[in-house]
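Here are my notes on the model you asked me to look over.

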Amino acid sequence: MTANQAAKTKNREIIEILTFTLPIILTNVSQNMFNIIDQIIVRSYSGDHAIAAIGATSSLSSLFVNLVIGVSVGASAVIARRIGSQDKVAVRNSIHTSMGLGFLGGLAACLICLLLGRPILMLMKTPKTILGEAVGYLSVLSVSYLPQAVYNFSAAALRARGDTKRPLYFLAVAGVVKTGLTFLIVAVMGADVAWIPLSTVVSFTVASILAIHALSKQHGEYHLRLLDIRLHGREVKDIMATGVPIGLMNSFMSLSNVVMQSAVNSFDEPGIAGIAGANHVNNTLYNVANSFSHSSTIYCSMRYGANDRKGFKRSLAICLAWMVFCSLMAGAVVFRFRRELLSLFVNGAEAIEYGVEWINIICFTYFLSGAQETFRGALSAMNRSFYPMLSQTIGYFGVRTIWTKTYFVSHQTITALYLSYPIAWIVTLVLNVICFFIFFRRYFGKKQEMARLS
């Protein structure tokens, strides 16, 4: 390949990765936006008490959902690897296996949350004034884990072959359904907080049906036939080897958030409500930064399957560059309008100031989270998901737990609590970068040596 051809390839991939990632960002952000609209509706008709009850369950809910989503990312990586190696039978088997795992994983998450939701919320020191509403809300919400899992595994199969637009369209339809039902349940029917998640159950059921329909209309090895869904041994092994560490990693991150929420629950009700509102802003920044980890997983997996060392490094570098740019731009917008955004979710100046205190810390540091996630995606592409899981366990769960038990105990402020976020991101990033260079050189160095000897 000439220097001119190499430059054209790089320029094409710069645009290609951005156009691939933008629908993922829009998908994640739009999902968060619909959740924001729900919160606005709930705040307008039910008040900060209901917001606090819902906010008290957010970290625990994320713990279960993120485990399933993590395995779906592993399925996407495995499918992309099969595509890169041009193994049509393996592509077909991996798609059908991933759908079977999605159904089983969603069902398991639902049952576990139903059985253990109340005792876990009590362990999190959820205030008694909102415990009953929080338990009822979580019980109904857990039913949505099954259709959420089916949708995410279906979307993972579509994204693995480069289709990131249709998952966005399906989620947009589901978001409209969710918002309409939430308004009906809260504003028209005046139902209790516990019934609000019914809109989530219905909306993700709609999204999962649309995604399954799209897969069933694919041709060749990409075609999904519902009667052929089964667990193929090799595919289960590879998906679980890649996906379970990612799922556990996401769960440890959520578990660290459970630790943080337990500390937040030590504040008064305006503090809990303010942090619940700031969580939505935090989720938007996370969705922007984290979306490029999906791109690095897919593109690096294809390069890995094709044994393309230079392409692997190029894809990772482009993902990192776009992630930093988009994260800083999103952070600047959030910082400028932080009080206006928070006023959408909570009432009262005291609750808003609690949220502002947290947002001030994360606005311009979220690219650190995105960087460690992007390197995690590259490690997952090399089937080395176990090591970033250890890094994130140390960086997120370890650092945040120690921080809340030491520094926060002596200071008891929002700033003292949430300074642990950028510190945890830096620790995790350093560990992931070290792991990446070790395994990148080990794998591709071995390939180069074999090629030289042959």
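1. Let me start with serine 301 and its neighbours. Leaving aside residues up to four places away in sequence, serine 301 touches Ala77, Ala80, Arg81, Ser296 and Ala381. Please keep in mind that this is a predicted model, so these contacts are computed from predicted coordinates.

2. Where does serine 301 sit, and is it buried or exposed? Its place is in helix H9, and its relative accessible area is 0%. Serine 301 therefore counts as buried, because the cut-off for that label is under 20%. As for its polar side chain, one of its polar atoms lies 2.5 Å from the backbone oxygen of threonine 297.

3. You will find serine 266 in the loop between helix H8 (233-264) and H9. With 46% relative accessibility, serine 266 is partly exposed. Its side chain reaches a backbone oxygen too, that of alanine 263, at 2.4 Å.

4. Which residues does serine 266 touch, not counting those up to four places away in sequence? They are Phe408 and Gln412. Have a look at lysine 125 as well: serine 266 and lysine 125 are 141 residues apart in sequence, yet their C-alpha atoms are 8.0 Å apart in space.

5. The largest nonpolar core has 64 residues, and the members that touch the most other members are Phe312, Trp358, Met382, Leu417, Tyr418 and Phe436. Helix H9 (residues 269-305) supplies the largest share of this core, with 12 residues.

6. Setting aside residues up to four places away in sequence, phenylalanine 436 touches Phe312, Leu316, Phe375, Ala378, Leu379 and Met382. There is also a second, separate core, made of 55 residues, with Ala75, Tyr151, Ala174 and Ile196 among them.

7. Finally, please turn to the surface. A nonpolar patch there is formed by Phe103, Leu104, Leu107, Leu111, Ile112, Leu114, Leu115, Leu116 and Leu231, and together these residues have about 820 Å² of accessible area. One of them, leucine 115, is found in helix H3 (residues 88-123). Why is leucine 115 called exposed? Its relative accessible area is 69%, and the label exposed applies because the cut-off is over 50%.

Notes
Residues are numbered from 1 along each chain as its sequence is written. This is a predicted model: local features need pLDDT of at least 70, side-chain atom pairs count only at pLDDT 80 or more; totals for chains, interfaces and linings use all residues. Side-chain values use heavy atoms; hydrogens and water are left out. A nonpolar core is a set of buried Ala, Val, Leu, Ile, Met, Phe, Trp, Tyr and Cys residues joined through side-chain atoms within 4.5 Å. Buried means under 20% relative accessible area, exposed over 50%, partly exposed in between (1.4 Å probe, protein chains only). Helices (H or I, at least four residues) and strands (E, at least two) are DSSP runs, numbered from the N terminus. Contact means heavy atoms within 4.5 Å. Patches are made of residues with over 30% relative accessible area and no salt bridge: like charges are joined within 9 Å, nonpolar side chains (Val, Leu, Ile, Met, Phe, Trp, Tyr) within 5 Å. Accessible areas come from the Shrake-Rupley method with a 1.4 Å probe; for residues, only the protein chains shown count as cover. A salt bridge is a side-chain nitrogen of Lys or Arg within 4 Å of a carboxyl oxygen of Asp or Glu. A polar contact is a pair of N or O atoms within 3.5 Å; within protein, one must be able to donate a hydrogen and the other to accept it, and residues adjacent in sequence count only if both atoms are side-chain atoms.
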